[in-house]
Amino acid sequence: MRFVDLYAGLGGFHVGLAQEGNECVYASEINTELNEVYQKNFGIKPNEDITKVSPEEIPNHDILCAGFPCQPFSKAGKQLGLECNENGKHIFKILEIAKIKKPKFILLENVPHLLQHNGGKTFGKIKKEFRFIGYDLSYSILSPNDFGIPHLRQRLFILLSTNPLDFFKWPKKENKPTHIKSILTKEKSEKIPKNLEFALEKWQEFTFNYRTHKNTWNKLGFPIWAMEFGATYPYVLDTPWNINKSKLSETRGLLGLSMTDCKDWNDFKNKLPAYAIEEKKIFPEWKIRFISNNRLLYNNHNFWIKPWMKWLNDFDATLQKFEPNFDINNTTVWDNIIQSRSSGLRVKRPDCAPSLVSIGSTSPIIGWEKRYMTKLECFNLQSLGHLKSKPTNSKTSWNHAIGNAVSAKVTNRIAKKILEFSSKRVKIIKDNSYLIREIV
């Protein structure tokens, strides 16, 4: 079948569909470097800005593929959704093209939170708009690790069809064991900096101490926010911003800092965690829960936490947060996969690499080698390691590209199912007031 690849990026849709014999007849990608990389890899020069293209200019096609921008629907962003002036309206461009060109199938990719955005109203509107122009809809949340690739990256895939999708079957998840070693190479790679290595050593010391002295909890099932150790500012019924400032000055801020000398809100903000200076009357439930867990942890273990935490004063907030998603009883930090994100240090089991993200993060760290994953290894996680041309301008450039890429392995499995479904004929039988669909 003929397909178009919109918001093409590195070409994850292209690779997955072309492997099944489908032909790409048009592509779009606004990033100049990725546009050039796409042309070198696939021999097609993408249009740079699909929003300025008339649908009539796009060749006829059977499948429209689009990994449209996810930022408006992500948990991590402002969640402006369809109201986002910069990226929220792309779905309507896809709708405009579909209305004119009427491809048999539309395959979309985005973050799973699109389903819950604005209480489900955003997804409901998208579904309604496509149904109005004659498309049935089905969706599934899939990840590369469902198909043997050691990469935990859940994404929402939406399939739309001009025919009823009652008998369409999404690819079956294999659930076979994976390990990060299967995609590693012998290529030389960058060692982690000494300050990060020191911080990770201290967090290993923390997990060892906890394991030695644990009493009320068997595991650390929540993110560790060390800034809460010794803090007493209000967070349940009030927030620091909402409380009387004379009362706030009687409490302690991040790492137990005294706030008695604070005179105005700007002074207080310098002694409070960044997540606690929101100008709101009450914190969300999840934040209250995280703060509560960390203060209880400190109260139960301050006899060893207090001397341990002295090193934190010399490190920024990124290294003061720690997510121990691994077995602290039987493995160390260095036995696992580590990711240094703007939200903190995340340590996960080596069966799967954490989701690659496009901003605020470095490559995952191979703990036992104390090094960052190479560009090729990261491309392998998206099943794109075989591409001859890759972004070269900077580390930020290729990190951004691979973080936004669509998994070629996942799109290939979906493509197989689309071809299988399109080969079937559906007979509609009218039985009294019911319409019965059968495969013939």
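This is a predicted model: local features need pLDDT of at least 70, side-chain atom pairs count only at pLDDT 80 or more; totals for chains, interfaces and linings use all residues.
**Entry 1**

Next I checked who meets whom. From helix 3 I noted Ile 91, Phe 92, Ile 94, Leu 95 and Ala 98, and from helix 4 the partners are Lys 125, Ile 126, Glu 129 and Phe 130. Sorted by class, this contact has 7 nonpolar residues, 2 charged ones and no polar ones.

**Entry 2: Lys 93**

I stayed on helix 3, which runs over residues 90-101, to look at Lys 93. Is Lys 93 buried or exposed? With a relative accessible area of 10%, Lys 93 is buried. Leaving aside residues up to four places away in sequence, I found that Lys 93 touches Tyr 7, Ile 50, Thr 51, Val 53 and Pro 55.

**Entry 3: the whole chain**

I stepped back for a moment to take in the chain. I counted my way through 11 helices and 14 strands. The chain has 440 residues, and 53% of them are buried. I also looked at contacts between residues at least 6 apart in sequence: 66% of these join residues at least 24 apart.

**Entry 4: another pair, helices 5 and 8**

I then turned to helix 5 (residues 194-213) and helix 8 (residues 285-308), which pack at an angle of about 130° with their axes 11 Å apart. That angle makes helix 5 oblique to helix 8. Helix 5 passes helix 8 in a right-handed crossing.

Which residues make the contact? On the helix 5 side I listed Lys 202, Trp 203, Glu 205, Phe 206, Asn 209, Tyr 210 and His 213. On the helix 8 side I listed Leu 297, His 301, Phe 303, Trp 304, Ile 305 and Trp 308. By class, the contact has 8 nonpolar, 3 polar and 2 charged residues.

**Entry 5: Phe 290**

While on helix 8, I looked up Phe 290, which is found in that helix. Phe 290 has a relative accessible area of 18%, so I wrote it down as buried. Setting aside residues up to four places away in sequence, Phe 290 touches Pro 223 and Trp 225. I also compared Phe 290 with Glu 228: they are 62 residues apart in sequence, and their C-alpha atoms are 9.6 Å apart in space.

**Entry 6: helix 2 and its ends**

Helix 2 covers residues 32-42, and I asked which of its residues are buried. They are Glu 33, Leu 34, Asn 35, Val 37, Tyr 38, Asn 41 and Phe 42.

At the N-terminal end, Asn 31 caps helix 2, with a side-chain oxygen 3.1 Å from the backbone nitrogen of Glu 33. Just after helix 2 I came to Gly 43, which takes a positive phi of about 75°.

**Entry 7: two asparagines with positive phi**

A reminder to myself: most residues other than glycine have a negative phi. Asn 118 is not a glycine, yet has a positive phi of about 55°. I found Asn 118 in the loop between strand 4 (105-110) and helix 4 (121-132).

Asn 175 also has a positive phi, of about 50°, although it is not a glycine. Asn 175 sits in the loop between strand 6 (155-161) and helix 5. At 61% relative accessibility, Asn 175 counts as exposed.

**Entry 8: Trp 170**

I looked next at Trp 170, found in the loop between strand 6 and helix 5. Trp 170 counts as buried, at 15% relative accessibility.

What does Trp 170 touch, not counting residues up to four places away in sequence? I listed Ser 138, Tyr 139, Ser 140, Leu 142, Phe 157, Ile 158, Leu 159, Ile 414 and Lys 417. With Ser 138 there is a polar contact between the two side chains, at 2.9 Å.

Terms used:
Residues are numbered from 1 along each chain as its sequence is written. Side-chain values use heavy atoms; hydrogens and water are left out. Axes are lines fitted to C-alpha atoms, for helices over the stretch in contact, and angles run from 0 to 180 degrees between N-to-C directions. Helices (H or I, at least four residues) and strands (E, at least two) are DSSP runs, numbered from the N terminus. Angles under 35 degrees count as roughly parallel, over 145 as roughly antiparallel, 65 to 115 as roughly perpendicular and the rest as oblique. A crossing is left-handed if the near helix is turned anticlockwise from the far one by less than a right angle, and right-handed if clockwise. Contact means heavy atoms within 4.5 Å. Ala, Val, Leu, Ile, Met, Phe, Trp, Tyr, Cys and Pro count as nonpolar, Asp, Glu, Lys and Arg as charged, and the others, Gly among them, as polar. Buried means under 20% relative accessible area, exposed over 50%, partly exposed in between (1.4 Å probe, protein chains only). A polar contact is a pair of N or O atoms within 3.5 Å; within protein, one must be able to donate a hydrogen and the other to accept it, and residues adjacent in sequence count only if both atoms are side-chain atoms.
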